[in-house]
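Open your viewer and keep the sequence panel beside it. We will go from stop to stop, selecting a piece and seeing what is there.

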Amino acid sequence: MAFESPNIRAACVEATEFMDLTRKYRVTGVPKTIVNGTGEILGAVPEDAFVRSVVTAGPDA
Amino acid sequence: MALLSENDRQAVRGHLANLTHRVTLLFFTQTIAGPETAQIAKQILNELAGLSDKITIEEVNFILERDRAATYGVDKIPAIVVMKDGGDTRMRFFGAPSGYEFMSLIEAIIIAGGDDSGLKPESKELIAGVTKPIDLQVFVTPT
C-alpha cells in the first residue's frame, strides 16, 4: 500500500524486540496492524477488507 | 555460520531473479552497545545482498547520523528502510528480519525492484484516493 501512495507509510515491527510498543498497542496476537496509532486490524485479513479498513481509518497520523 | 540454508538461498535467489530496479536497503544500527539482534539483522542482510546484484546494503549509524534517521522516521534499531532507485518506498522493517519478517522483507524487495505492488485494481483505486497521511505498523513475530 505504501508503494501505491505517497501518503502511506508501512512498517513491519518485530513484536518480541520492541516490547514497549507491543505493550503500548496491546499486541497479544500477530499479525496485528496499528493504523495511525489507534486503529487496529487483527489477523491476516483478506486484501479487500484490509485495504478498506486502512483507507477509512480514524484520526490523522 | 550462514543463517540462510542452501535451500533458502536457492528459493530466495529464484524469487529475486526478476528485479528490474536497483533496491538499496538502508540498515540503521549502532556499533557500540547495540541490540544483539542488530548483528543478526546485519548478517541476514549481507547474505541477502549476495543473492542478487540488484540489492545493495548501506549501513547507517543510528547514533552518529541522527538527522538521516529522522528523515526516514527511524526511531529504533535495528531498522531497514527499503529504497528503490535511490527513492524512499516508505516501507520499513524494525527488528531482525527472521521468520515472518524475513518473508515480508523479500516481498518488499520484489515490490520495490519491480513496477507493480501486486494489489488488485480495486485496491489500487481505493488507495489512490488517500489524501491524508496514513501510518501503518504491522506487528509480527518470528514464528
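Start by selecting B:Ala33, which counts as exposed because it has 6 C-beta neighbours inside 10 Å. The cut-offs are these: a residue is buried if 20 or more other C-beta atoms lie within 10 Å of its own, exposed if 12 or fewer, and partly exposed in between, with C-beta atoms placed from the backbone. B:Ala33 has a positive phi of about 55° although it is not a glycine, and it lies in the loop between S1 and H2 of chain B. Helices (H or I, at least four residues) and strands (E, at least two) are DSSP runs, numbered from the N terminus.

A word on what you are viewing: this is a predicted model, in which local features need pLDDT of at least 70 and side-chain atom pairs count only at pLDDT 80 or more, while totals for chains, interfaces and linings use all residues. Residues are numbered from 1 along each chain as its sequence is written, and chains are lettered from A and ligands numbered from 1 in the order in which they are written.

**The sheet**

An open sheet of 8 strands runs in the order S3(A)-S2(A)-S5(B)-S1(A)-S4(B)-S3(B)-S1(B)-S2(B), with mixed pairing; two strands pair if DSSP finds at least two bridges between them. Its edge strands, each pairing on one side only, are S3 (39-42) of chain A and S2 of chain B.

S1(B) and S2(B) run parallel, joined by 7 bridges, and B:Val23 stands opposite B:Ile55. On to S3(B): it is antiparallel to S1(B), with 6 bridges, and B:Ile80 is the bridge partner of B:Phe27.

**Where the chains meet**

Select S1(A) and S5(B), a parallel pair with 7 bridges, and find A:Ala10 opposite B:Leu136. S5(B) also pairs with S2(A), in the antiparallel sense over 4 bridges; here A:Lys32 stands opposite B:Phe139.

Next, pick helix H4 (residues 100-113) of chain B. Among its buried residues are B:Leu105, B:Ile109 and B:Ile111. The buried residues of H4(B) pack against several strands, including S1 (8-14) of chain A and S5 (134-140) of chain B.

**The chain A end**

Which residues of S2(A) are buried on each face? A:Lys32 and A:Ile34 are on one side, A:Thr33 and A:Val35 on the other. S2(A) and S3(A) form a hairpin with 3 residues between them, and A:Asn36 in the turn has a positive phi of about 50°.

**Last stops: the backbone**

Most residues other than glycine have a negative phi, and most peptide bonds are trans. Select A:Pro31: the peptide bond from A:Val30 is cis, with omega near -5°. Finish at B:Pro78, joined to B:Ile77 by a cis peptide bond with omega about 0°, in the loop between helix H3 (66-71) and S3 of chain B.

How values were computed: Contact = placed C-beta atoms within 7 Å.
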